[in-house]
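Please read it alongside the sequence and coordinates below.

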Amino acid sequence: MSATAIAFPNIALIKYWGKRDEALIIPQTSSLSLTLAVYPTTTTVSLLSESAPHEVLQDGAPMPQAAAAKVARFLDHVAELAGTTRAARVETSNAGPTGAGLASSASGFAALAAAASAAYGLDLSPRDLSRLARRGSGSASRSIFGGFAVWNAGSDDLTSYAEPVDDARIDAAMVLGIVNAGAKPISSRDAMRRTVETSPYNAPWVATNPTELAFMRDALRRGDFTAVGEISERNALRMHAAMLGAVPPVRYLTAGSMALLDAVAELRNTGLEAYATMDAGPNVKTLCRSAEAASVRDALAAAAPGIEFVIAEAGPGVSVSDHGVSVSGQGPTAIAGPGAPR
Ligand code: DP6
């Protein structure tokens with residue numbers, strides 16, 4: 001059996017930063033994101049014979065050791081769920097940069113969860129697929145769904161999953177400012193562990209999450225773009241404040257990131273509403289109204305020459321194609337909605 005899945009990255013507006021259970025990837029807090037329509041990961045999983053080791057290829061070459069080991073552990077878990085010890089071959093490719101804070105692990109493990117569960121013959125609900133993806137990378141739980149998704153922190157494996165936010169009434173897009181597409185200096189996994197263990201700002205970061213998430217959900221429901229933007233930008237800054245307080249400090253933002261934050265603030269002064277959010281890397285994603293995305297991109301490109309800007313509209317949930325032994329002319333099947341980019 002083999003299956004191919006396509007999944008898209010997501011960018012959190014209420015961030016996930018810190019785990020309460022490292023093995024199961026149960027987060028300290030709930031988070032909320034927008035799935036994007038750019039930089040998909042495409043992954044094919046094919047079952048091999050019983051005793052073979054897993055094979056993990058990225059863009060046709062063996063994946064680097066540490067990343068391949070993570071994928072192999074994930075496959076072991078899927079095989080166990082399916083009640084088999086058969087190995088699998090994984091072939092994956094990212095359309096965007098890998099490990100640069102552009103959510104490649106979110107699209108990567110969402111695609112792997114969908115392709116592997118289909119290849120191993122598991123028929124998972126979207127919720128169970130989200131739980132499975134979460135075990136590969138926390139943020140991947142949200143890329144199962146298109147548009148806005150909320151990952152409920154929960155307290156154990158059964159209760160920690162993402163689901164679509166189906167009452168959001170804003171048409172948002174993001175303009176991705178690629179300050180640096182290289183791999184990040186420290187993985188988000190290590191950096192968030194250090195924040196939890198050493199930052200005096202971790203506790204207030206956790207304590208303020210429920211009200212911030214409630215404000216965000218309310219703003220989405222009311223279609224209040226200004227409130228959504230303001231909450232997003234301050235949430236990202238607070239996450240970076242928490243990591244700056246770690247010992248030793250974790251700093252992903254560079255002078256280039258700060259210059260873009262200034263440029264985004266300047267756009268607001270000129271009447272173009274835009275808000276910045278940053279993850280585990282220097283790149284700045286600017287949230288804007290979908291109808292104004294081209295104007296925001298042009299204004300940012302004028303303010304920051306030399307930086308590449310990419311418009312990302314809201315994207316779809318994960319989809320599976322080529323499911324089975326032989327497939328003829330079958331397009332991708334959306335397995336978790338909302339399926340179409342909005
Ligand atoms: C800053 O999901 O990559 O992008 O669960 O350890 O794999 P692991 O971490 P990961 O962390 C994402 C952190 C973030 C914020 C977010 O996406 O919510």
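## Domains

The chain splits into domain 1 (2–166 + 319–334) and domain 2 (172–313), with bounds taken from an automatic or database domain assignment. Their C-alpha centres are 24 Å apart. Contact, meaning heavy atoms within 4.5 Å, links 33 residues of domain 1 to 45 residues of domain 2.

## Model and confidence

This is a predicted model, in which local features need pLDDT of at least 70 and side-chain atom pairs count only at pLDDT 80 or more, while totals for chains, interfaces and linings use all residues. Residues are numbered from 1 along each chain as its sequence is written, and side-chain values use heavy atoms, with hydrogens and water left out.

The chain has a mean pLDDT (the predictor's confidence in each residue, from 0 to 100) of 92, and 93% of its residues reach 70 or more. Over residues 325–342 pLDDT stays under 50, and the model has 39 contacts beyond four places in sequence for that stretch. Where pLDDT is low, the predicted coordinates should not be read in detail.

## Nonpolar cores

A nonpolar core is a set of buried Ala, Val, Leu, Ile, Met, Phe, Trp, Tyr and Cys residues joined through side-chain atoms within 4.5 Å. Buried means under 20% relative accessible area, exposed over 50%, and partly exposed in between (1.4 Å probe, protein chains only). The largest core has 52 residues, of which Trp17, Val45, Val71, Leu112 and Tyr252 touch the most other members. Its largest share, ten residues, comes from helix 2 (residues 104–119); helices (H or I, at least four residues) and strands (E, at least two) are DSSP runs, numbered from the N terminus. Domain 1 and domain 2 each give at least three residues to this core. Another core, of 33 residues, lies apart from it and includes Ile170, Ala227, Val310 and Ala314.

Beyond four places in sequence, the contacts of valine 45 include Met1, Ala88, Val90, Leu112 and Ala119.

## Largest pocket

The largest pocket holds about 1100 Å³ of space. Among its 46 lining residues, Lys70, Ser104, Ser105, Ser137 and Lys184 are the closest to its centre. A pocket here is an open set of points on a 1 Å grid over the protein atoms alone, where a 1.4 Å probe fits, with protein on both sides within 12 Å along at least five of seven lines; lining residues have an atom within 4 Å of a point. The volume is the space filled by probe spheres set on the points, which are joined across faces, edges and corners.

## Valine 206

Valine 206 is in helix 5 (residues 202–207) and is partly exposed, at 25% relative accessible area. Not counting residues up to four places away in sequence, valine 206 touches Gln28 and Thr29.
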